[in-house]
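Student: I would like to work through this structure with you, step by step. Could we begin by looking at it together?

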Amino acid sequence: MSQQTGRQRPASQDGPGLRDSRHGRAPSSAVYARRRLVALGVLLALLAGVVGFAALVWPGFARAGEAEVPAEVTVTEAPPTPTIEPVERSASTEFAEVLPDAVLQFALRSEALTDAYGDAGAIEGHELSYADGEGDAASTVTVLAGQWGNDDEAEVAYDELLEAAVAAGGEPTTTGDVEVDGKPVGTYAVTPVAAAAGTATVTWRNGTAVLQATGPVDQIEKFYTAFPL
């Protein structure tokens with residue numbers, strides 16, 4: 001019976017089974033979390049790139065979700081017009097012909113030559129009466145219109161007539177420039193009428209023409225603004 005020539009080595013504690021178990025274990029939850037974050041970052045970057053490209057090639061894309069704001073609409077009320085017919089004209093001069101038949105709701109009721117501005121050196125003068133209806137209850141505006149030989153004479157006359165209006169009623173409540181095509185051609189002033197409560201006079205110069213309109217204080221400046229001369 002032969003003897004064993006060497007001792008048998010005990011089974012190694014680092015056998016194949018233990019190595020396989022150590023090197024083949026599944027990744028931890030931290031590894032999965034990092035992978036998910038990386039994947040999410042890549043996805044977000046791709047999505048941002050797609051959105052940016054779409055905004056470049058389709059300008060309305062970025063505003064597609066925005067509610068459209070309607071454009072502001074300004075409604076302008078139509079100016080009033082007369083409810084009565086103006087009287088038939090009897091104008092016989094070029095200056096008289098440019099004086100209007102109607103101004104806003106006021107229609108011409110009478111016209112006549114006048115020498116009211118004769119002392120101020122006017123070449124011709126006209127008195128016109130306008131009303132917004134028939135009868136004594138109607139509001140009326142009286143206009144005195146004069147024509148001078150040149151701008152300097154008209155300016156002197158304007159100053160004198162305005163001075164007289166101030167003396168009769170008081171200091172102007174409104175003043176300003178008279179403009180034609182954006183250029184000043186004269187001035188205007190609104191003064192109260194002391195002798196008639198609720199009444200005012202507007203005096204203005206337009207080149208060689210000087211005019212005064214007297215009527216209701218709440219209408220007289222609108223009347224002047226709409227007057228074509």
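Student: Is glutamate 134 buried or exposed?

Tutor: This is a predicted model, in which local features need pLDDT of at least 70, side-chain atom pairs count only at pLDDT 80 or more, and totals for chains, interfaces and linings use all residues. Residues are numbered from 1 along each chain as its sequence is written, and side-chain values use heavy atoms, with hydrogens and water left out. Buried means under 20% relative accessible area, exposed over 50%, and partly exposed in between, with a 1.4 Å probe and protein chains only. Since glutamate 134 has 56% relative accessibility, the word for this residue is exposed.

Student: Which residue meets glutamate 134 in a salt bridge?

Tutor: A salt bridge is a side-chain nitrogen of Lys or Arg within 4 Å of a carboxyl oxygen of Asp or Glu. For glutamate 134 the N to O distance is 3.4 Å, and the partner is arginine 109.

Student: How many residues apart in sequence are the parts that this pair ties together?

Tutor: Helices (H or I, at least four residues) and strands (E, at least two) are DSSP runs, numbered from the N terminus. Arginine 109 lies in strand S2, whereas glutamate 134 lies in the loop between strand S3 (124–131) and strand S4 (140–147), so the parts tied together are apart in sequence by 25 residues.

Student: What distance separates the end C-alpha atoms of helix H4?

Tutor: The expected span of a helix is 1.5 Å times one less than its number of residues. Helix H4 (residues 151–169) has 19 residues and should therefore span 27 Å, which agrees with the distance between its end C-alpha atoms, 27 Å.

Student: Within what arc do the buried residues of H4 fall?

Tutor: The buried residues of H4 are Ala154, Ala157, Tyr158, Leu161, Leu162 and Ala165. The arc is that of the directions from the helix axis to the C-beta atoms. Seen down the axis of H4, the buried residues line one face of the helix, because they fall within an arc of 135°.

Student: Which residues are exposed on the other side of H4?

Tutor: Strands S6, S7 and S8 are among what covers the buried residues of H4. On the other side of H4, the exposed residues are Asp152, Glu163 and Ala167.

Key
Contact means heavy atoms within 4.5 Å.
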